[in-house]
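Please read it with the coordinates open.

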Amino acid sequence: MKQKLNTLANALAVFAALLALWQLVLWVFRVPPFMLPSPWAVARAVGRRLPSLGTAFAITGEEALGGLLASIVAGVAIALIFAQSRWIRRMLYPYTLLLQTVPIVAVAPLILMWVGAGAASVTLIAFIISLAPIIANTTQGLVSVEENMVHLFLMHNASPAQLLFKLRLPHAVPSLFVGIRIASGIAVIGAITGELYAGSSRVGEGGLGYSILYASSQLQTDYLFALVLAATVLGFSFFFIVMFFEWYFLHLWHESARTPEVE
Amino acid sequence: MKREGTVPAVEFEGVTKRYGNGPAVLEAVNLTILKGGFVSIIGPSGCGKSTVLKLISGLTVPSDGAIRVDGMTPKNARETVSYIFQDATLLPWRTVRQNVGLSLELEGASSHRREEKTAALLNLVGLDAVADAYPRELSGGMKMRVSIARALATSPRLLLMDEPFAALDEMSRDRLNEEILRLREEQNWTAVFVTHSVAEAVFLSTRIVVMAPNPGRLYSVLSVELPQPRTPELRTTPQYEHLVGQVSRTLREARSQ
C-alpha cells in the first residue's frame, strides 16, 4: 500500500513538473495561444466544453467498443478454425499479417465509400484494426497445449468437444487476454482515425476524431488539447477495463494476472 | 493378491517401433506382464522405455508385431488403464478437487459418483486440506499426489507411470514410493513403471525389465525376491543392497552392449 502511494506521488510530481515546464516554455518563448495554449487555458476549455467533450467521448467510445467486441467474437472464431490444422494456418496466416500491416489510414476512405459515412463504418474500421492481434494470440494459446495434456485427455476417451472446451479453450484464455489488451488500444486509435474521414451528421457534433478536425480548422487550440486529453483518457479506460477483466478471470490460477507490472 | 498371478495383463509379441523411415526405436520386443505385478522398466536414455508405455496405452501404434492389453487392443483397453506422466499435467485453472474429478468427468460419470470418489481419493492421498487450492499453490510432491489420485479415480486395472517422481527431491520421492505401494495394497492394479533410479525400481517392483539402447530392446528381466509388503526399513537390509548392486551391474552391461 505504501509503495502504491509512493508510485502515485512520483507520477503526480512528474505531471506537475511537466505542467511547469510547459508554462515556462510559453513565458520564455512568448508562444501565441493559438499555437500552444497554457495549461490553465486547456483546463478552462475542458470545463467550458464538458458536454460536447462528453458526447464526443461517448460516440468514439461506443464505436471502439463495438469494434473491439466484434473483433473478439470473430477473432476467437477464426482462431478456432486456425487451430484445426497446421495446413490451414500455413495457408491463411499470411492474410492476418496483411490485416496487421495494411495502413488503416489508406483503407479508411475506401470503407467509407463502400459502407457510407457514419458510426457503422467507423466501427468497422476499429474492428478491422483490432482483429489481427486477437487471432494471432488466441491461435497461439489454442495450439500450445502440452502434448501430455492431450494424451491425458485421450487416455480417458475424451471427445473432440471435451478436448476443445475443457482443455484448449481454457488454456487459450490468458493468450486471448494478451490479444484483447493490445487490441483495446488500437481499437480506440482505429475509431478516431475512422472519424477523421467519416465526418458528422451535424456540424460541430461527432466523435473525438471529427471534433479534432473541427477544432483545428477553427484554430481552437485549447479545445483541441482538451480533445487530445479526452482521447488519452478513453484509451486508458479501455486498457484498465481489460486489465480488470483479465485479473477477474485469471488471478486465481494464472501468474500473469497476479501482480501488476508496475514496480 | 499383491502376488503376481498367472494371467497376462500386457503381452508384446515381436513388437518393433520406428517413426517414419527412421531407425527402430524398439526392436522385436517380446514381453509378458502378469496381472498383479509391479514391473519397472529401466535402461539408459534412448532405449525406448517411454515408447513401451505409449504403445501399451495405444497413444502410438507398433510398426510391427502385436500388443494385447487385458486380451484387447490397447485402444479398446483404455477404459481400464490410467497414465501418470512425468510432470503432473494438472489443469492450472481447476482446483485440486476439480483436477482429481477430471478423469471421471471425461468418462461421463454422474456428478454424485464423481464427488464421492473424489472425496475418498483426496482422503486416501492426504490432500483433504488443499482440496480447494489451485495447482500453483502446491509443491511438486503434492502435485504428483493429485496426479496419482486423478489416475486412480477411474479404478484402473493397469497403471502406467512414466518417471513420475523424477523431478522430486529424494525425501519426497521415497515417501511417494511408500505411498504408491500402500495404494496398491488397498486397490488391486498392475503397474508398469518407467524410471531412471535403480533404488526406486528395486524398492517398488516384483520384476525389473532392463533395456538396452540402439536399437531399443529387452536386455534382461530380473525378479525381485523381497518380502511383501515393502517397508521403509527394507532399504537398509543387505538383501536390498545386494539387489540394487545386481541391477546396477546389469544396467551397466546393457549400456556397454
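1. Chain B, contact order. Among contacts in chain B between residues at least 6 apart in sequence, 73% join residues at least 24 apart. Contact here means that the C-beta atoms of two residues, placed from the backbone, lie within 7 Å.

2. Basis. This is a predicted model, in which local features need pLDDT of at least 70, side-chain atom pairs count only at pLDDT 80 or more, and totals for chains, interfaces and linings use all residues. Residues are numbered from 1 along each chain as its sequence is written, while chains are lettered from A and ligands numbered from 1 in the order in which they are written.

3. Chain B, overall form. Chain B holds 7 helices and 9 strands. These are DSSP runs numbered from the N terminus: helices are H or I with at least four residues, strands are E with at least two. The C-alpha trace spans about 50 × 45 × 35 Å along its principal axes. A compact globule of 257 residues would have a radius of gyration near 18 Å, and chain B agrees, with 18 Å. That radius is taken over C-alpha atoms, and the globule rule is 2.2 Å times the number of residues to the power 0.38.

4. Burial and cores. In chain B, 46% of the 257 residues count as buried. Buried means 20 or more other C-beta atoms within 10 Å of a residue's own; exposed means 12 or fewer; partly exposed is in between; C-beta atoms are placed from the backbone. The largest nonpolar core has 78 residues, and B:I56, B:A149, B:L160, B:V192 and B:M211 have the most contacts inside it. Helix α4 (residues 140-152) of chain B gives the most to this core, 7 residues. A second, separate core has 52 residues, including A:L53 and A:I186. A nonpolar core is a set of buried Ala, Val, Leu, Ile, Met, Phe, Trp, Tyr and Cys residues joined through C-beta atoms within 7 Å.

5. B:V192. Beyond its neighbours within four places in sequence, B:V192 is in contact with B:V10, B:I33, B:V39, B:I41, B:L53, B:I56 and B:L160.

6. Helix α7 of chain B. The 19 residues of this helix (238-256) should span 27 Å at 1.5 Å a residue, and its end C-alpha atoms are 27 Å apart, which agrees. The expected span is 1.5 Å times one less than the number of residues. Buried in α7(B) are B:L243, B:V247, B:T250, B:L251 and B:A254. Viewed down the axis, the buried residues fall within an arc of 100°, so they line one face of the helix. The arc is that of the directions from the helix axis to the C-beta atoms. On the other side, the exposed residues include B:H242, B:R249 and B:R252. The buried residues pack against β3 (38-42), α6 (198-204), β8 (207-212) and β9 (217-223) of chain B.

7. B:W189. This residue is in the loop between α5 (170-186) and β7 (190-195) of chain B. B:W189 counts as buried because it has 21 C-beta neighbours inside 10 Å.

8. Interface. The contact takes 16 residues from chain A and 18 residues from chain B. On the chain A side, α7(A) gives the largest share, 7 residues.
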